[in-house]
Amino acid sequence: MTTPPPALLIAGHGTRDDEAGAEAFRDLLRALGRRHPGLPVGGGFAEPFRPPLGEAVTALVEHGVRRFAVVPLAWEAAGRAGADVRAVLDRVRERHPEVSYGHGRPPGPSPVLLSLLERRVEEALGSPSPRTPGDRAEVTVLLVGYGSADPEANAEVHRAARLLWEGRGYAGVETAFVSPAAPDVPSGLDRCVRLGARRIVVLPYFPLDGGPADRVRQQTEGWAAARPEIEVRSADVIGPEPELLDLIVERYREALEGDPHMHRDSHDSSVLDGTPPGGTPPDGTSPDGTRPGGASCGGGNSPGLPRQPRARPDDDGHHGHDHHHWGHTHSHAH
């Protein structure tokens, strides 16, 4: 069997009893597989959340993958979430000592991500578009992160708020957290009003829909119902936009180029042009096939992964699941 190229492993941010969030995560894996069909892709959450990250790694290992570039999907990848991901990978390596990992940066807060956040604010405000500087001067944005016991992770949300405010003409960009850090969403909205805001857009700083985004919307609606004199709009999460998918793959490439064990693969045509070594995928895999909950690998002679400029240094229940692997598909049910 031909050895597949290093896999892109997405480390997601799981929450309890959040099947909507898990399905949104699977949608992102499927979208990555369709957009970059030559790239082996897998992902999951640190236990106990599902789909499990360890199962995705093991599934890919069983089908020939030996090297991984890990990209965290949470924008503020620090604190316990990062430690939990490392613990999962260490446990897999105990069973498979031949496996190696390169670690990529989180997607945010890069200029690409900030532009996507700006788009969501504009969509929440509605027409006219583009908005004039005078229009934006009346708008305050409340950027809402997950929240963590780690102050460094929370500080990343404040950093993103500052970068979103710079040069965009908003009256201000304040921060809040869905849990457990302070301020929460109602307190953040209160602060915006104390600072003089009369038009507020609540902007989730999450990549995908699910439980946390639902809680932000519910808290926003509850607060707005009690303060009808203040115009409050809820913005959508970014979701699997093409720009986000390409940014994740850019972080994958950075991880390959920064890992001495993987360096040669970052210039290997099998990684960059979407064709496995040898020219065709084993077993004739369909290039757009992906399955929820585990790993996916495209195949076929694809147009390839688009080369992009290198990121600047200052960029800143039921337990059923399927796996689609390099060359064929199988399913597990628990």
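Beyond its neighbours within four places in sequence, which residues is Ile 248 in contact with? The legends below start from that residue.

View 1. Ile 248 is in contact with Leu 8, Ile 10, Leu 28, Leu 32, Val 71, Leu 73 and Pro 107, leaving aside neighbours within four places in sequence; contact means heavy atoms within 4.5 Å. This is a predicted model in which local features need pLDDT of at least 70 and side-chain atom pairs count only at pLDDT 80 or more, while totals for chains, interfaces and linings use all residues. Residues are numbered from 1 along each chain as its sequence is written, and side-chain values use heavy atoms, with hydrogens and water left out. The largest nonpolar core has 48 residues, of which Leu 8, Ile 10, Leu 32 and Ile 248 touch the most other members. Helix 9 (residues 242-258) gives the most to this core, with eight residues. A nonpolar core is a set of buried Ala, Val, Leu, Ile, Met, Phe, Trp, Tyr and Cys residues joined through side-chain atoms within 4.5 Å. Buried means under 20% relative accessible area, exposed over 50%, and partly exposed in between (1.4 Å probe, protein chains only). Helices (H or I, at least four residues) and strands (E, at least two) are DSSP runs, numbered from the N terminus. In soluble globular proteins, nonpolar side chains tend to be buried together.

**View 2. The second core.** A separate core of 19 residues includes Val 178, Ala 197, Phe 206 and Ile 230.

**View 3. Val 57 in helix 2.** Val 57 is found in helix 2 (residues 53-61). Its relative accessible area is 0%, so Val 57 is buried. Val 88 lies 31 residues from Val 57 along the chain, and the C-alpha atoms of the two are separated by 9.5 Å.

**View 4. Packing of helix 4 against helix 6.** Helix 4 (residues 111-125) and helix 6 (residues 151-165) pack at an angle of about 70°, with axes 10 Å apart. Axes are lines fitted to C-alpha atoms, for helices over the stretch in contact, and angles run from 0 to 180 degrees between N-to-C directions. The two helices, helix 4 and helix 6, are therefore roughly perpendicular to each other, a term that covers 65 to 115 degrees. Leu 114, Leu 117 and Glu 118 of helix 4 make the contact with Ala 160, Leu 163 and Leu 164 of helix 6. These residues divide into five nonpolar, no polar and one charged. Here Ala, Val, Leu, Ile, Met, Phe, Trp, Tyr, Cys and Pro count as nonpolar, Asp, Glu, Lys and Arg as charged, and the others, Gly among them, as polar. Leu 114 is buried, with a relative accessible area of 6%. Leu 114 and Ala 161 are 47 residues apart in sequence and 9.3 Å apart in space, C-alpha to C-alpha.

**View 5. Glu 243 in helix 9.** Glu 243 lies in helix 9 and is partly exposed, at a relative accessible area of 29%. Residues up to four places away in sequence aside, Glu 243 touches Val 112, Leu 116 and Arg 119. From C-alpha to C-alpha, Glu 243 and Leu 116 are 8.1 Å apart in space and 127 residues apart in sequence.

View 6. Pro 109 is in the loop between strand 4 (100-103) and helix 4. A cis peptide bond also joins Ser 179 and Pro 180, with omega about -10°. Pro 180 lies in the loop between strand 6 (172-177) and helix 7. Gly 147 is in the loop between strand 5 (139-145) and helix 6 and counts as buried at 16% relative accessibility. The C-alpha atoms of Gly 147 and Ala 182 are separated by 7.8 Å.

**View 7. Confidence along the chain.** The protein chain averages a pLDDT of 77, and 72% of the residues score at least 70; pLDDT is the predictor's confidence in each residue, from 0 to 100. Confidence is highest in helix 7 (residues 185-194), at 98, and lowest in strand 11 (residues 329-333), at a mean of 32. Over residues 261-294 the pLDDT is below 50, and this stretch has 98 contacts in the model beyond near neighbours in sequence. Where pLDDT is low, the predicted coordinates should not be read in detail.

Conventions: Parallel < 35°, antiparallel > 145°, perpendicular 65-115°, else oblique.
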